[in-house]
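Work through the exercises below with the sequence and the coordinates open. Each task is followed by a stepwise solution.

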Amino acid sequence: MSPATLLAHQAACRACHKCVGDGIIPEANPTFSGQWGAPFMLVGQAPGPTERVSRRPFDGRAGKELDRWMLRAGFAGAEDFRSLTYIAALMRCFPGRNATGTGDLRPPASAIANCAHWLDAELRILKPKVVIPVGQMAINRFLGPGSLEDRVGNRFGERPVIVPLPHPSGTSRWLNDSANRDRLAAALALIAVLRLQYASPRKKISALPRATGSLRGHSAHLSQRPMDKEKEA
Ligand code: SF4
C-alpha cells in the first residue's frame, strides 16, 4: 500500500454512481477527505445538504460542533484535526431529505451495503491507529448493537483503537443528560491521550503529497465483526 494506492482509490470513489444506477438516490456526490499517513479515521453516517454542495465532510453545523469537540481533545484547531484524520461515512453521498423536510433521510441499508467496500478498502490501505465512529449507526458498524451509554467514554480494541462519539448534530437530545455529557468528556479525554501518542506521524504526513487537491472530503474501514470491548485506558 502506498500514497498512490490511496489516490487511485479516491479517484475511483469520486466516480462512483452505483446508488444512482440502483435508483436509491438521484445524484452521486461522494464526499470524504484525508491523506496518506493519517493516524485517525473518523466515520460518520452520511453527508448532509451542506456537504452535498461543498463536498467537505462535516462542513455544516454538526461539523462546527465536532470542531469544538476536537479542540477539547487537544487538537490545535479544525485544520489540525483534519490534517491528522481521514473522514469517511457509511454512505458517502447525500441520502436526501425526509418527506416532511424536517431532516435528512437515514442512509438506506442498500446504500450502506453498496458503499461498504470503499470504507473497507480505506481501512486496509490506511491502517489507522484510531477509528472514531460518530453516531449510533457508525458505532454499530464497528462494535455491533449496543447502547451509546455503554460505548461513549470507553475505548475498544487495539489495532485500531476505537473511540465512539455521539453525533454532534444539534437535533440529538442525548447530550441533554449531564451523565452523557460526562461520557462525551471522557471520550474526548481518551482521544486527547491518543493524539499525544500518535502526534509524531504529523511530520510524515506533511512530507507526503496530499491525497486530495481541491477535494476536501473523507473515508475508511475495519472487519465487519464487532470488536470486543477492552478496559478503558
Ligand atoms: S453512496 Fe457510496 S456506493 Fe452509493 S453512489 Fe455514493 S459513493 Fe457510490
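The model is predicted: local features need pLDDT of at least 70, side-chain atom pairs count only at pLDDT 80 or more, and totals for chains, interfaces and linings use all residues. Residues are numbered from 1 along each chain as its sequence is written.

**Exercise 1. Determine the strand order of the open sheet and its edge strands.**

Step 1. Take strands as DSSP runs of E with at least two residues and helices as runs of H or I with at least four, both numbered from the N terminus. Two strands pair if DSSP finds at least two bridges between them.

Step 2. Strand 1 (residues 40-44) runs parallel to strand 3 over four bridges. Strand 1 and strand 2 are joined by five bridges and also run parallel. Strand 3 pairs with strand 4 (residues 161-162) in the parallel sense, over two bridges.

Step 3. The order of the four strands is 2-1-3-4. Strand 2 and strand 4 are the edge strands, each pairing on one side only.

Step 4. Met41 has Tyr86 in strand 2 as its bridge partner. Leu42 is opposite Ile132 in strand 3, and Val43 is opposite Pro133 in that strand. Val130 has Val161 in strand 4 as its partner.

**Exercise 2. Are the faces of strand 2 and strand 3 buried or exposed?**

Step 1. Count C-beta atoms, placed from the backbone: a residue with 20 or more others within 10 Å is buried, one with 12 or fewer is exposed, and one in between is partly exposed.

Step 2. Sort the residues by face. In a regular strand the side chains alternate between the two faces of the sheet.

Step 3. In strand 3 (residues 130-133), Val130 and Ile132 on one side and Val131 and Pro133 on the other are all buried. In strand 2 (residues 85-89), Thr85, Ile87 and Ala89 make up one side, Tyr86 and Ala88 the other, and all are buried.

**Exercise 3. Explain why Pro164 counts as buried, and list its contacts.**

Step 1. Pro164 sits in the loop between strand 4 and helix 9 (178-197).

Step 2. Pro164 is buried because 27 other C-beta atoms lie within 10 Å.

Step 3. Contact requires C-beta atoms, placed from the backbone, within 7 Å. Leaving out residues up to four places away in sequence, Pro164 touches Pro133, Ile139, Arg151, Val152 and Ala187.

Step 4. Ala187 is 23 residues from Pro164 in sequence, with a C-alpha to C-alpha distance of 7.2 Å.

**Exercise 4. Describe how helix 1 packs on helix 6.**

Step 1. Axes are lines fitted to C-alpha atoms, for helices over the stretch in contact, and angles between N-to-C directions run from 0 to 180 degrees.

Step 2. Helix 1 (residues 3-14) and helix 6 pack at about 170°, with axes 10 Å apart. That makes the two helices roughly antiparallel, the class for angles over 145 degrees.

Step 3. Thr5, Leu6, His9 and Cys13 of helix 1 meet Trp118, Ala121, Glu122, Ile125 and Leu126 of helix 6.

**Exercise 5. Which residues come nearest to the ligand, and which helix gives the most to its shell?**

Step 1. Of the 13 residues around the ligand, Cys16, Cys19, Cys93, Asn114 and Cys115 come nearest.

Step 2. Helix 2 (18-21) and helix 6 (109-126) each supply at least two shell residues. Helix 6 gives the most, with three.

Methods. Two residues are in contact if their C-beta atoms, placed from the backbone, lie within 7 Å. A residue is near a molecule or strand if its C-beta atom, placed from the backbone, lies within 6 Å of it. Angles under 35 degrees count as roughly parallel, over 145 as roughly antiparallel, 65 to 115 as roughly perpendicular and the rest as oblique.
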